[in-house]
Amino acid sequence: MCASLQRRPAADGPTTAGHAALAALLAGLVLVRIGVGHVAGTLRSETGLLGVPAVVTLAYSVVALAALGAVYAAFSAHAEERLDRAELTQAGLAVTPLVVVAVYVAFDRLAVGVSAAPVARAGGYLVAVGLLAVGYARVADLEVPTTPPTRDGWVATGLAVAAVAASAGLAAVGASLLGWPGGPFASFRYPSTLSVPSFVLATAVPTAITAVGTALLFNGAVQSALRRHRSPAAAAGAVTLLAFAADWVIAAVPPALGAVAAPVPSAVRWAVVLAALVVAVLAVLAAAVGYGRVWDERAGASMDDYPTLGAVTAAGAAGVGLALAVATALGGSPGPAVVSYAVAVGAGAVAFERTQTVWAPTVVYAAHGIAIALATRYVVSGGAGGDAVTVGLSLL
């Protein structure tokens with residue numbers, strides 16, 4: 001596996017072009033979230049293609065092969081002897097038919113009856129966001145580290161995973177008292193008869209795929225860019241605020257404007273919503289960049305012992321406060337889910353800073369998405385127990 005998506009680092013300071021590239025990256029994220037969600041919904045409703053057993057087998061075979069490749073990369077990254085490119089190609093060609101047959105037999109024996117729609121949706125998001133991240137890396141001339149973590153890096157990642165798992169459990173306990181709201185952070189409802197294989201295939205796997213794209217975009221691209229111009233602590237805090245608030249506005253703005261602009265023709269309404277989303281995300285970007293500057297100029301001097309944790313904690317608190325204020329103004333409440341997601345994006349930023357690889361935030365985001373789904377299913381009682389919160393890792 002390559003060490004980075006773009007090797008040559010840049011040493012110049014922040015420029016107007018650099019800020020414009022960041023703005024274009026975030027505007028592209030808005031288009032990806034809207035576009036992928038719309039296309040996936042259209043395919044799911046208008047055709048049965050994604051439910052055909054052959055298509056389902058092919059989709060999950062690709063996922064299984066990618067997982068095998070990731071496992072190999074993780075174990076061989078720091079080994080003295082590794083397979084060369086020709087040997088990897090031969091091994092891949094030999095393993096592929098075995099994986100396809102194994103996936104087909106497993107689906108046939110388990111009789112899961114899943115669709116390829118969740119994986120197609122997550123895969124489309126990953127491809128689109130990955131292209132955005134790679135394109136931005138080339139334009140900004142920065143490194144996006146993709147080498148698996150060292151042993152110490154895996155320890156740091158494990159601590160971050162423990163933090164987000166605990167936050168998911170606490171959020172679910174809080175939700176048992178307050179209930180998940182019907183707002184943007186309560187996206188899906190799982191039936192009470194959901195089996196373990198169905199949960200893994202329809203929830204855990206798509207969540208992990210989406211986590212890769214989220215880590216590439218926010219940590220690999222944006223955090224690496226900000227880190228060139230700000231201290232590591234300021235960059236981690238800025239990304240925490242950006243990732244949290246950007247996801248919040250992308251999820252919250254369409255429902256809020258949809259009710260107001262209901263009488264407007266559909267084409268005009270979508271144009272207005274899209275423009276509002278882009279403006280809101282750019283405002284969030286400006287706030288995050290400003291936060292990083294203020295941290296370096298004022299707060300950093302008083303946080304010498306734990307600068308990164310301090311910057312991330314303050315940024316997460318600011319994001320939660322903003323979400324609560326906006327939700328209250330709109331007559332709703334995001335509930336305990338927003339705190340859990342703030343912990344997740346903060347832990348991802350800290351893990352990336354400690355390990356300097358996108359593997360760490362990928363594992364953190366995937367663990368959070370899966371943990372919050374499990375917690376809301378098995379901890380929250382009553383009608384709220386079926387609500388699975390997919391904050392940040394879900395698409396519109």
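User: Is A238 buried or exposed?
Analyst: This is a predicted model: local features need pLDDT of at least 70, side-chain atom pairs count only at pLDDT 80 or more, and totals for chains, interfaces and linings use all residues. Residues are numbered from 1 along each chain as its sequence is written, and side-chain values use heavy atoms, leaving out hydrogens and water. Buried means under 20% relative accessible area, exposed over 50%, and partly exposed in between (1.4 Å probe, protein chains only). A238 has a relative accessible area of 2%, so A238 is buried.

User: Which residues does A238 touch, not counting residues up to four places away in sequence?
Analyst: A238 is found in helix α7. Contact means heavy atoms within 4.5 Å. With residues up to four places away in sequence set aside, A238 touches L226, A288, Y291 and G292.

User: What distance separates the C-alpha atoms of A238 and A349?
Analyst: Along the chain, A238 and A349 are 111 residues apart.

User: How many helices and strands does the chain have?
Analyst: Both are DSSP runs numbered from the N terminus: helices are H or I with at least four residues, strands E with at least two. Along the sequence the pattern reads α-α-α-α-α-β-α-α-α-α-α-α-β. The total is 11 helices and 2 strands.

User: Among contacts between residues at least 6 apart in sequence, what percentage join residues at least 24 apart?
Analyst: The chain has 396 residues, 47% of them buried. Among its contacts between residues at least 6 apart, the share joining residues at least 24 apart is 85%.

User: How many residues apart are D247 and R33 in sequence?
Analyst: A salt bridge is a side-chain nitrogen of Lys or Arg within 4 Å of a carboxyl oxygen of Asp or Glu. D247 and R33 form one, with the closest N and O atoms 3.1 Å apart. D247 lies in α7 (residues 232–260) and R33 in α1 (residues 16–46), so the bridge ties together parts whose separation in sequence is 214 residues.

User: What geometry does the aromatic pair of Y60 and F107 have?
Analyst: Rings of Phe, Tyr and Trp (its six-membered ring) pair if their centres lie within 6.5 Å; planes under 30 degrees apart are stacked, over 60 edge-to-face, the rest tilted. The whole structure has 4 aromatic pairs. For Y60 and F107, the centres are 5.4 Å apart and the planes 85° apart, making the pair edge-to-face.

User: Which helices does the pair of Y60 and F107 link?
Analyst: Y60 counts as buried at 5% relative accessibility, and F107 counts as buried at 16%. The two are 47 residues apart, in α2 (residues 53–76) and α3 (residues 85–110). The linked helices are therefore α2 and α3.

User: What span does α2 reach from its first C-alpha to its last?
Analyst: The buried residues of α2 include V56, Y60 and S76. The expected span of a helix is 1.5 Å times one less than its number of residues. For the 24 residues of α2 that gives 34 Å, and the model is close to it, at 34 Å.
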